[in-house]
Amino acid sequence: PQELSASGWNRSYEVVDGLDAARVLYPGHYGLWLNPHAPGGGVGIPWLDLRRIATGLDRQPAGPLRLSEPVMDLSHFYALLAQHAHRTPVVRSLRRAWVQPAIGAPYLAIGLDLYDSSQPSVEAVRTMMQPCMSALPDGLPVSTVAMADDYDPVAMWLRANARPFYDRQAHAGAAPNQPGGYGYPPAGAAY
């Protein structure tokens, strides 16, 4: 129950045939998985797949993900994005990853570390991203990832493995009166 509520599940229950859920998650090969992490073992659906069901199958990438640093030379895109991020005060830092889902096309993921996640902040980021998209090769899929999402597998990988290609504090020195975040102490904090 707590995993479902953490993933955004807000219903008390829903009846779904297990075979139908498995068919949607992995159309080519479906069934039950062993869960060695449950006390005494167990059988079930992996946590990330439950999250996909709860948040919407079109919102989360499918199945095991292979994540790495992007190898394509997109330096113009990153420079343009960093320039726009510098003019967007809600952006703390930006990171990047190449995501290859088990099913579907690989894509570039941009990790967004924001000072807050209010609707105006989300709109500011959307406005920031739009003019930069023309600097990408035609057909290259791009997705944004909220770094504040503790359960998103791409955000988890980015936090552990990717250095920011834009960091407001490193770019402009410590910004006054900015709240702290993961890995960053509050501005003006004395230890």
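# Close-up views of a predicted model

Figure 1. Glu123 is partly exposed, its relative accessible area being 35% (buried means under 20% relative accessible area, exposed over 50% and partly exposed in between, with a 1.4 Å probe and protein chains only). Arg126 is likewise partly exposed, with a relative accessible area of 44%. Glu123 and Arg126 form a salt bridge whose closest N and O atoms are 2.6 Å apart (a salt bridge is a side-chain nitrogen of Lys or Arg within 4 Å of a carboxyl oxygen of Asp or Glu). Both residues lie in helix H5 (residues 119-129), three residues apart, which is about one turn of the helix (helices, H or I of at least four residues, and strands, E of at least two, are DSSP runs numbered from the N terminus). An α-helix has 3.6 residues a turn, so residues three or four places apart point the same way. This is a predicted model, in which local features need pLDDT of at least 70 and side-chain atom pairs count only at pLDDT 80 or more, while totals for chains, interfaces and linings use all residues. Residues are numbered from 1 along each chain as its sequence is written, and side-chain values use heavy atoms, with hydrogens and water left out.

Figure 2. The structure holds two salt bridges, and one of them pairs Arg92 with Asp113, with the closest N and O atoms 3.1 Å apart. Because Arg92 belongs to strand S4 (residues 91-101) and Asp113 to strand S5 (residues 107-114), the pair ties together parts that are 21 residues apart in sequence. Arg92 and Asp113 are both buried.

**Figure 3. Strand S4 and its partners.** Nine of the 11 residues of S4 are buried, and the strand is mostly covered. S4 runs antiparallel to S5, to which eight bridges join it (two strands pair if DSSP finds at least two bridges between them). The two strands form a hairpin with five residues between them, and Gly104 in the turn has a positive phi of about 110°. Strand S3 (residues 65-68) is joined to S4 by four bridges in an antiparallel arrangement; Ser68 stands opposite Trp98 of S4. Strand S7 (residues 166-167) also runs antiparallel to S4, with two bridges joining them. Ser93 has Asp113 as its bridge partner in S5 and Asp167 as its bridge partner in S7.

**Figure 4. The surroundings of Leu108.** Leu108 is located in strand S5 and counts as buried, at 0% relative accessibility. Apart from neighbours within four places in sequence, the residues in contact with Leu108 include Pro70, Leu74, Phe77, Tyr78, Trp98 and Leu136 (contact means heavy atoms within 4.5 Å). Pro70 is 38 residues from Leu108 along the chain, yet their C-alpha atoms are separated by 7.2 Å.

**Figure 5. The N-terminal end of helix H6.** Asp152 caps this end of H6, with a side-chain oxygen 2.8 Å from the backbone nitrogen of Val154. Within H6 (residues 153-161), Pro153, Val154, Ala155, Trp157 and Leu158 are buried.

**Figure 6. Confidence along the chain.** The chain averages a pLDDT of 77, and 57% of the residues score at least 70 (pLDDT is the predictor's confidence in each residue, from 0 to 100). Confidence is highest in S5, at a mean of 96, and lowest in strand S1 (residues 33-34), at 54. Where pLDDT is low, the predicted coordinates should not be read in detail.

Key
Polar contact = N/O pair within 3.5 Å; in protein donor to acceptor, adjacent residues only side chain to side chain.
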